Amino acid sequence: MSNRIQISNPEFDNADQRHTANEVRVDKGNDSSRPRTRKDDEPVISDHIDEWNLYQALFVEFLGTTIYVFIATIPYYDTSAPGMALIALIACFGKISGGHFNPAVTIGISLCGRLSLKATILYPVVQMVGGLLGAALTRAVQPSFAYIDNEYFFENGITVLRENVKPGWALLCEGLITFFLVLTYLMCTMEKKKTNWLLSSLAIGFIAQSNIYAADFITRASMNPARSFGPAVCMSVFTKDVWEHHYVYWVGPIVGSALAAFVWRCLNWQWSCSLLPK
């Protein structure tokens with residue numbers, strides 16, 4: 001039920017002018033048919049989701065990370081597969097969860113003050129589980145002999161340092177390419193009303209694929225702890241070498257993401273915001 005007050009100007013009673021600013025309606029009471037909007041004091045998960053659909057967003061992050069890691073770890077002859085997958089996933093799911101699919105991206109968003117503490121904790125958890133499932137699916141669809149005495153098939157599924165690459169330089173490389181990726185994400189998606197998810201997905205997918213082309217022969221261009229951790233767990237049955245420099249794929253992306261958040265704050269002059277999640 002709603003009570004309505006209508007104020008009309010008798011000088012403008014014709015149909016062409018009645019729909020102008022001469023009518024004022026005030027609705028009181030609860031109307032369940034109206035769409036729910038976020039209140040000013042309601043905790044913000046991000047600019048793209050509210051508290052009430054957090055679980056939907058978590059499921060999307062889990063599903064998207066599973067798909068991405070599966071595609072990224074399948075042996076392929078064309079290295080454009082991960083970038084193309086990322087474009088599709090962000091275009092499809094970005095408006096639901098923000099389309100992170102990467103703990104490094106989640107950390108960057110959180111450091112920009114656009115993610116609640118609850119989401120900052122839960123997003124990486126479901127992303128890591130999705131990474132494990134994606135890598136397990138890769139193991140499931142590939143026969144075991146594909147990973148034994150077959151360097152091409154085996155090494156395309158995991159992220160390890162290339163031969164003669166020093167850990168320090170690998171750490172710098174992962175930090176740089178993650179910085180490029182997260183900064184592109186922040187610049188394209190942080191303004192909710194201006195975000196075009198199709199164009200944003202293209203920009204993010206293109207920079208991710210460019211990073212893969214540039215760093216594949218150094219670190220295999222992970223940029224994503226979930227993408228490295230899942231395959232390391234699932235492939236460690238064949239070799240323990242996957243853990244030797246595994247820290248590179250955590251420290252590098254996290255530092256690169258933090259640097260990207262710092263640069264975004266400088267470019268947008270967001271120092272009035274808290275550095276901690278809302």
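Predicted model: local features only at pLDDT ≥ 70, side-chain atom pairs only at ≥ 80, totals over all residues.
The largest cavity holds about 110 Å³ of space.

Which elements give two or more residues to the lining of the largest cavity? They are α3, covering 81–97, α7, covering 167–189, and α8, covering 197–215. In total, 15 residues line the largest cavity. Those that lie nearest its centre are Leu86, His100, Asn102, Val105 and Leu181. I would ask colleagues to locate these five residues in the structure above.

I turn now to the chain as a whole. The protein chain contains 10 helices and zero strands. Read from the N terminus, its elements therefore follow the order α-α-α-α-α-α-α-α-α-α.

Next, burial and surface. Of the 278 residues in the protein chain, 47% are buried, where buried means under 20% relative accessible area. The protein chain exposes about 14800 Å², and 63% of that area is supplied by carbon and sulfur atoms.

Finally, the contacts. Among contacts in the protein chain with a separation of 6 or more, 75% are accounted for by residues 24 or more positions apart.

To conclude, I return to the largest cavity: its lining draws two or more residues from each of α3, α7 and α8, and Leu86, His100, Asn102, Val105 and Leu181 lie nearest its centre.

Notes:
Residues numbered from 1 in each chain as written. Heavy atoms only, no water. Helix = DSSP H or I, 4+ residues; strand = E, 2+ residues; numbered from the N terminus. Buried < 20%, exposed > 50% of the residue type's maximum accessible area, 1.4 Å probe, protein only. Contact = heavy atoms within 4.5 Å. Areas by Shrake-Rupley, 256 points an atom, 1.4 Å probe, with all protein chains shown as cover. 1 Å grid on protein atoms, 1.4 Å probe; cavity = no way out; pocket = protein on both sides within 12 Å on 5 of 7 lines; lining within 4 Å. Points joined across faces, edges and corners; volume = space filled by probe spheres on them.
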